[in-house]
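The sequence and the structure are shown first.

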Amino acid sequence: MEPSNHTRVTEFIMLGLFDHPHHQGLFFVLFLCIYIVIIMGNSLIIVATVLHPPLHTPMYFFIANLATVDILCTSSVLPKMMENLMQEKKTISFDGCMTQLFFFTLSAGTELVLLTVMSYDRYVAICHPLRYVNLMSRRICISLAIGVWAVGVFNSLVNTLLVLRLDFCGPNLIQHFFCEFPTTLALSCSSTYLNEIMVYMADICLAMGNFLLTLMSYSFIIITILKIQSSKGKQKAFSTCSSHLLVVTLYYSSIFYTYIRPTSSNTLDNNRMAAIMYTLVTPTLNPLIYSLRNKEVKVAILKIFPFKIGP
């Protein structure tokens, strides 16, 4: 194989998130506040889960993993985006783009598998409560968590390495505010056939596969809840999975809005808004959902950080 004569791209130019240069400072402050809320909110969940013994259960163990994923997802995108908000020329180095690709894809893939494992945990808790201790033992939970992160790392590593084998010789304008596989592959001047096949397989296996497994778990959960005679029993059973169901609905709604819609609606502004949903809005709302709707988490946070409310 002959060596390529192409000049390798050393940096990419990004369109940025907003087209209002006079408001960039305001947007910087806004996103800085959002970033602080995401880091603090998810960190509180992690600290409360680690330090408060009543939260040493499978459900909260996986919630702490979800909080870690949300911090990773936002941190892979938001700092560079805020840096570019304050610069006239919005650029990212080639290595920086590949790093962002890896960590963003890692967090996205890991969250998909993790939400499926969390739905399985709720399925066992509601449908097989007497076997819950055995089916969700400490050893099994740790093994599941390791498997979740391993799948995310493997998927991201394979797809990122496949991008590194491509030639990028110009143009170098990324039609987005961060590096993502579709927009990055569009800039390659060599064949991306293998990359597209692998991304398609990842979408089928990770996105659709995990969605169907989650849907299956909640189908069994709903059937079991409907069989409960008392309304109080139904309410108690549903309350154990309502927070997770809300998180799953929020996350998959943003994914389906991004990837499953008519081509005519696939505009740049729509892509930006969808990306904001799963990179900023979801990581911000997840800790609020699990804390405001969960008495145990609120008690744990107040015990660890005894905030004084009122006089």
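C97 and C179 are both buried, where buried means under 20% relative accessible area, exposed means over 50%, and partly exposed covers the values in between (1.4 Å probe, protein chains only). A disulfide joins these two cysteines, with an S to S distance of 2.1 Å; a disulfide is taken here as a pair of cysteine sulfur atoms within 2.5 Å. The torsion about the S-S bond of C97 and C179 is about -125°, so this disulfide is left-handed. The bond links distant parts of the chain: C97 lies in helix α3 and C179 in the loop between β3 and α6 (181–185), 82 residues apart. Helices (H or I, at least four residues) and strands (E, at least two) are DSSP runs, numbered from the N terminus.

This is a predicted model, in which local features need pLDDT of at least 70 and side-chain atom pairs count only at pLDDT 80 or more, while totals for chains, interfaces and linings use all residues. Residues are numbered from 1 along each chain as its sequence is written, and side-chain values use heavy atoms, with hydrogens and water left out.

A search of the whole structure finds two disulfides. The other bond is formed by C169 and C189, whose sulfur atoms are 2.1 Å apart. C169 sits in the loop between α5 (138–164) and β3, and C189 in the loop between α6 and α7, so that this pair too links distant parts of the chain, 20 residues apart. With the bonded cysteines of the protein numbered in sequence order, the pairing is 1-3, 2-4. The table lists relative accessible areas for several cysteines.

| Cysteine | Relative accessible area | Class |
|---|---|---|
| C169 | 28% | partly exposed |
| C189 | 31% | partly exposed |
| C33 | 42% | partly exposed |
| C73 | 5% | buried |

The strands come next. β1 pairs with strand β2 (residues 91–93) in the antiparallel sense over three bridges, strands being paired if DSSP finds at least two bridges between them. Within β2, S93 is the bridge partner of E11. β1 also pairs with strand β3 (residues 173–174), in the parallel sense and over two bridges; here M14 stands opposite I174.

Rings of Phe, Tyr and Trp (its six-membered ring) pair if their centres lie within 6.5 Å; planes under 30 degrees apart count as stacked, over 60 as edge-to-face and the rest as tilted. By this rule the count comes to 11 aromatic pairs. Among them, Y123 and F220 form a tilted pair, 5.8 Å centre to centre with 55° between the planes. This pair links helix α3 (residues 94–127), which holds Y123, to helix α7 (residues 193–227), which holds F220, 97 residues apart. F220 is partly exposed, with a relative accessible area of 42%.

L215 is also placed in helix α7 and counts as partly exposed at 44% relative accessibility. Together with Y193, I197, Y200, M201, I204, M208 and L212, L215 forms a nonpolar patch on the surface, with about 790 Å² of accessible area together. Such patches are made of residues with over 30% relative accessible area and no salt bridge, like charges being joined within 9 Å and nonpolar side chains (Val, Leu, Ile, Met, Phe, Trp, Tyr) within 5 Å. A salt bridge is a side-chain nitrogen of Lys or Arg within 4 Å of a carboxyl oxygen of Asp or Glu. Accessible areas come from the Shrake-Rupley method with a 1.4 Å probe, and for residues only the protein chains shown count as cover.
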